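Take a moment to find your bearings, and then follow along.

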Amino acid sequence: MMDPAVLALATLGLVDSISFMIVAPSLAFYVEKLGGSQDAYGFILAVYSFASFCGKPILGRWSDAQGFRGPYMISISLSNLGGLLYAVAPAFTATQLTLVELGRILGGLGRANSALGFAYVARALPASERTSVTAILGGVQMIGMAIAPLFSALLANVKFDLCGIQFDNLN
């Protein structure tokens with residue numbers, strides 16, 4: 001039986017990977033739709049990974065000082081807030097690209113939690129289980145990237161309004 005915390009980490013890793021691989025291919029079209037340039041697209045694409053890179057040591061040190069749960073929950077909240085800003089950006093005409101940028105920064109900081117998953121495994125599991133569980137966590141992320149095009153295909157014809165905000169296959 002798999003540790004419930006590891007199952008949660010694997011599930012969140014899967015969702016993170018799927019969401020990254022849905023956003024990345026459509027980002028150029030989204031930025032263009034919002035009036036952004038190729039430079040804006042390049043910045044928005046890069047800032048997600050850079051924020052994740054910068055966030056990993058911060059979350060790691062915080063987790064070392066205060067334990068795993070708090071930093072992990074905050075990182076999930078940051079990721080969700082980033083996704084929300086990314087999705088609702090078109091509703092704010094004057095600041096839509098700024099909101100997309102901010103959303104990707106927060107999403108990247110949230111994605112920095114991938115390092116915490118591996119730290120949890122190192123702390124909580126016996127040495128005899130660490131390698132296999134680490135492989136499972138890494139493999140689940142790869143599976144998410146591999147199946148994301150299926151989800152993109154399912155979202156291809158999405159178009160609806162919610163509270164005056166239009167949602168489509170790009171957001």
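Which residue takes a positive phi in the hairpin of β1 and β2?

## The hairpin

The residue to look for is C163, with a positive phi near 55°. Please keep in mind that this is a predicted model. The hairpin of β1 and β2 has two residues between the strands.

Strand β1 covers residues 159-162 and strand β2 covers residues 165-168; the two run antiparallel and are joined by four bridges. You can trace the pairing residue by residue: K159 has D168 as its bridge partner in β2, and D161 has Q166.

## Helices α5 and α6

Next, turn to helix α5 (residues 114-124) and helix α6 (residues 127-155). Their axes come within 9 Å and cross at roughly 160°. Angles over 145 degrees count as roughly antiparallel, and α5 and α6 are therefore roughly antiparallel to each other. Their crossing is right-handed.

Which residues make this contact? From α5 come S114, G117, F118, V121 and A122, and they meet R130, V133, T134, L137, G138 and Q141 of α6. Sorted by class, the residues of the contact of α5 with α6 are five nonpolar, five polar and one charged.

## Helices α2 and α3

Another helix pair to view is α2 (residues 38-66) with α3 (residues 69-88). Here the axes come within 8 Å, and the crossing is at roughly 145°.

On the α2 side, L59, W62 and S63 take part, and they meet G70, P71, I74 and S75 in α3. The contact of α2 with α3 has four nonpolar residues, three polar ones and no charged ones.

Side chains of opposite charge can pair when their charged atoms come close. How many salt bridges does the structure hold? There are three salt bridges in the structure, and one of them links D16 with R111, with 3.4 Å between the closest N and O atoms.

D16 lies in helix α1 (residues 4-33) and R111 lies in helix α4 (residues 96-111), so this pair ties together parts that are 95 residues apart in sequence.

Notes:
Residues numbered from 1 in each chain as written. Predicted model: local features only at pLDDT ≥ 70, side-chain atom pairs only at ≥ 80, totals over all residues. Heavy atoms only, no water. Axes fitted to C-alpha atoms, helices over the stretch in contact; angles between N-to-C directions. Parallel < 35°, antiparallel > 145°, perpendicular 65-115°, else oblique. Left-handed = near helix turned anticlockwise from the far one by under 90°. Contact = heavy atoms within 4.5 Å. Nonpolar A, V, L, I, M, F, W, Y, C, P; charged D, E, K, R; others polar. Pairing = 2+ DSSP bridges. Salt bridge = Lys/Arg side-chain N within 4 Å of Asp/Glu carboxyl O.
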